[in-house]
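Below is a colleague's note, written for someone who is meeting this structure without any earlier introduction. Please keep the sequence and the three-dimensional view open while reading the points.

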2 protein chains.
Amino acid sequence: MATKSKDLATPAMPTEAAQAQRFEKARSAQSTALLEDYVELISDLLASSGEARPTDVARRLGVAHATAIKTIARLKREGLATSRPYRGVFLTEAGKALADRVRLRHRLVVDLLMAVGVPADSAEVDAEGIEHHVSDAALAAFRDFLAQRG
Amino acid sequence: MATKSKDLATPAMPTEAAQAQRFEKARSAQSTALLEDYVELISDLLASSGEARPTDVARRLGVAHATAIKTIARLKREGLATSRPYRGVFLTEAGKALADRVRLRHRLVVDLLMAVGVPADSAEVDAEGIEHHVSDAALAAFRDFLAQRG
DNA sequence: ACCAAAATGTAGCACAGGCTACAAATTGGA
DNA sequence: TCCAATTTGTAGCCTGTGCTACATTTTGGT
């Protein structure tokens, strides 16, 4: 291992490897973020109206319906959803499980943000982007922190 | 169904428009995230060793050097960096300003995470993904919260 | 001074996730 | 019933961000 370091400045940079790993993790989180959003949204639509139509999904996400359909195809490829032509989208068991996990995490993030003083509306908006990058360790810490403040 | 008919079980879904806007925001944040990472890293490298070579940037980010070079080209297109062939990368004034903002935000996010009990190493890793999605409002709240706990 | 290794740059591919445009199926109202 | 609007699906394009392979330039050791 070439410890070719010359990090002799400011608040100490992490090692190359450590830093690369962090970025790698952030990139991989990003690649699942969209699927998580779709699954959670589909779950919500199913719960609140009994069906999840591609057009509704598209409108909620603010994308063209063709985009939604393409991503739903990816959900199916990954075993998270099922659908038949002109019949709406449904979640597999794996999809439901993911949706539940994501929803829980979302609430926890919003609650944590509000607990530290972020206004409710900002908290909701920010959580949408933040939630996908919160590790289990952080999530556990959030839970403890919230429990401790009633 | 006006302002706050929120029951404990199911938090009402937001309106289509509101939700679409949130996702749109998250998507646009994502598109600037990579540039922010590059700019901050380049700034760190310049500060700690006086130069930022594409290969170093690539190694730190954990990507192939060709990928780094391509993204650096984008930084130049966007007026954040300058570089001449075989001569390393430098930041424009805009790039420096962005780097400073990003670095500050990064610290604040890490500190906030640790303040609510997230272990230091998790905090660093999570912050890498989270920071790009933290609004100014949330940032201000973080600052206040941290100030209040000395 | 030279040549090999390292760094840099270029070209071309893949895939994800946007889009528009068009085609086909379904649904609802007259 | 039947036609028009809506919904759904398909095709093809663009951009961003990865990659590998190869070409070129710079650098450093002998």
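Predicted model: local features only at pLDDT ≥ 70, side-chain atom pairs only at ≥ 80, totals over all residues.

1. Residues are numbered from 1 along each chain as its sequence is written, chains are lettered from A and ligands numbered from 1 in the order in which they are written, and side-chain values use heavy atoms, with hydrogens and water left out.

2. The largest nonpolar core has 34 residues, and those with the most contacts inside it are Phe142(A) and Phe142(B). A nonpolar core is here a set of buried Ala, Val, Leu, Ile, Met, Phe, Trp, Tyr and Cys residues joined through side-chain atoms within 4.5 Å, where buried means under 20% relative accessible area, exposed over 50% and partly exposed in between, with a 1.4 Å probe and protein chains only. The elements giving two or more residues to this core are α4 (93-115), α5 (120-130) and α6 (136-148) of chain A, together with α4 (93-115), α5 and α6 (136-148) of chain B; helices (H or I, at least four residues) and strands (E, at least two) are DSSP runs, numbered from the N terminus.

3. Which residues does Phe142(A) touch, not counting those up to four places away in sequence? They are Leu108(A), Val109(A), Leu112(A) and Val134(A), along with Leu113(B), Val116(B) and Val118(B), contact being heavy atoms within 4.5 Å. A second, separate core of 22 residues includes Leu41(B), Val57(B), Leu75(B) and Val102(B).

4. Between the chains, the axes of helix α1 (residues 16-49) of chain A and helix α5 (residues 120-130) of chain B come within 9 Å and cross at roughly 50°. Axes are lines fitted to C-alpha atoms, for helices over the stretch in contact, with angles from 0 to 180 degrees between N-to-C directions. α1(A) and α5(B) are therefore oblique to each other, given that angles under 35 degrees count as roughly parallel, over 145 as roughly antiparallel, 65 to 115 as roughly perpendicular and the rest as oblique. The contact is made by Arg22(A), Phe23(A), Lys25(A) and Ala26(A) of α1(A), with Glu124(B), Val125(B), Glu128(B) and Gly129(B) on the side of α5(B).

5. Within chain B, α4(B) and α5(B) pack at an angle of about 135° with their axes 9 Å apart, and are therefore oblique to each other. Among the residues making this contact are Val109(B) and Leu113(B) of α4(B), and Ala123(B) and Ala127(B) of α5(B).

6. Ser43(B) is found in helix α1 (residues 16-49) of chain B, and at 11% relative accessibility Ser43(B) counts as buried. Leaving aside its neighbours within four places in sequence, Ser43(B) is in contact with Leu91(B), Ala99(B) and Arg103(B). By contrast, Glu93(A), in helix α4 of chain A, counts as exposed at 58% relative accessibility.

7. Tyr86(B) lies in the loop between β1 (81-83) and β2 (89-91) of chain B, with phi near 60°, and is exposed, with a relative accessible area of 81%.
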